[in-house]
Amino acid sequence: MNRPIPSAPKRTPLTASMARAQATGGHTSLPTVEEVSSGGIVIDFDDPKLPVAIIARYNRGGRLEWCLPKGHPEGVETNEEAAIREIEEETGIAGRILAPLGSVDYWFTVTNYRVHKTVHHFLLEATGGHLTIENDPDHEAVDVAWVPLGSLGKRLSFPNERRIADLAREVLTKHVPGS
């Protein structure tokens, strides 16, 4: 009986990179860079809607994303100090930390390396300031807005940040009676 001889799959850049990854145990040859950022959810408790200050920025692909303010610690800053400073720089709102909200980590690739990023999030009470992006030294933020805590999940672009918003609502019940 004649049986057809199977042909080899067509080699494409994707299948070639998958073969390389399989041959190296799933590891690519790109170096990995570890990054840490801190930020969080700053709430205006003077408003019954409990608005949260969030920022908009353009991603590498040019798409507008609404996200929580965050950034890298500078010098010997603690994660808490970096969160307070970054939130104020990116939103114009000064805050006081009420509680940690946990950390998320994720991976992404840029041209010549992979980045493993960990972001530490905190719940803050707004203590002053006014919304502005004018003090953002990196000029990453292109807009800033107050969004009611109850609507925050619908506005944030990233699932990890939506989970942090859900956690903030849970933690908030311990810090603000009736919230």
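**Ground rules.** I am working with a predicted model, where local features need pLDDT of at least 70, side-chain atom pairs count only at pLDDT 80 or more, and totals for chains, interfaces and linings use all residues. Residues are numbered from 1 along each chain as its sequence is written, and side-chain values use heavy atoms, with hydrogens and water left out.

**Fold.** I looked up the secondary structure and found four helices and seven strands; these are DSSP runs, with helices (H or I) of at least four residues and strands (E) of at least two, numbered from the N terminus. Along the sequence the order reads α-β-β-β-β-α-β-β-β-α-α. I then checked contacts, meaning heavy atoms within 4.5 Å. Of those between residues at least 6 apart in sequence, 69% join residues at least 24 apart.

**Surface.** The accessible surface is about 10800 Å², and carbon and sulfur atoms hold 53% of it. That area comes from the Shrake-Rupley method with a 1.4 Å probe. Of the 179 residues, 36% are buried, where buried means under 20% relative accessible area, exposed over 50%, and partly exposed in between (1.4 Å probe, protein chains only).

**Cores.** Next I wanted the nonpolar cores, which are sets of buried Ala, Val, Leu, Ile, Met, Phe, Trp, Tyr and Cys residues joined through side-chain atoms within 4.5 Å. The largest has 23 residues, and Ile41, Ile43, Ile54, Leu123 and Leu152 have the most contacts inside it. At least two residues each come from strands S1 (32-43), S2 (51-58), S5 (93-110), S6 (113-129) and S7 (141-148) and from helix H4 (159-175). H4 gives the largest share, five residues.

**Pocket.** Which residues lie nearest the centre of the largest pocket? They are Arg57, Lys70, Tyr106, Lys117 and Glu140, out of 35 lining residues. The lining divides into 16 nonpolar, six polar and 13 charged residues. The space in this pocket is about 770 Å³. For the record, a pocket is an open set of points on a 1 Å grid over the protein atoms alone where a 1.4 Å probe fits, with protein on both sides within 12 Å along at least five of seven lines, and lining residues have an atom within 4 Å of a point.

**Asn160.** I found Asn160 in helix H4. Is this residue buried or partly exposed? Asn160 counts as partly exposed because its relative accessibility is 22%. Asn160 touches Val104, Asp105 and Tyr106, not counting residues up to four places away in sequence. Ser103 is 57 residues from Asn160 in sequence, yet their C-alpha atoms are 9.5 Å apart.

**Positive phi.** Leu50 has a phi near 50 degrees, a positive value in a residue other than glycine. Leu50 sits in the loop between S1 and S2 and is buried, at 13% relative accessible area. His139 is not a glycine either, and its phi is positive at about 55 degrees. I placed His139 in the loop between S6 and S7, where it counts as exposed at 62% relative accessibility.

Notes. Grid points are joined across faces, edges and corners, and a volume is the space filled by probe spheres set on the points. Ala, Val, Leu, Ile, Met, Phe, Trp, Tyr, Cys and Pro count as nonpolar, Asp, Glu, Lys and Arg as charged, and the others, Gly among them, as polar.
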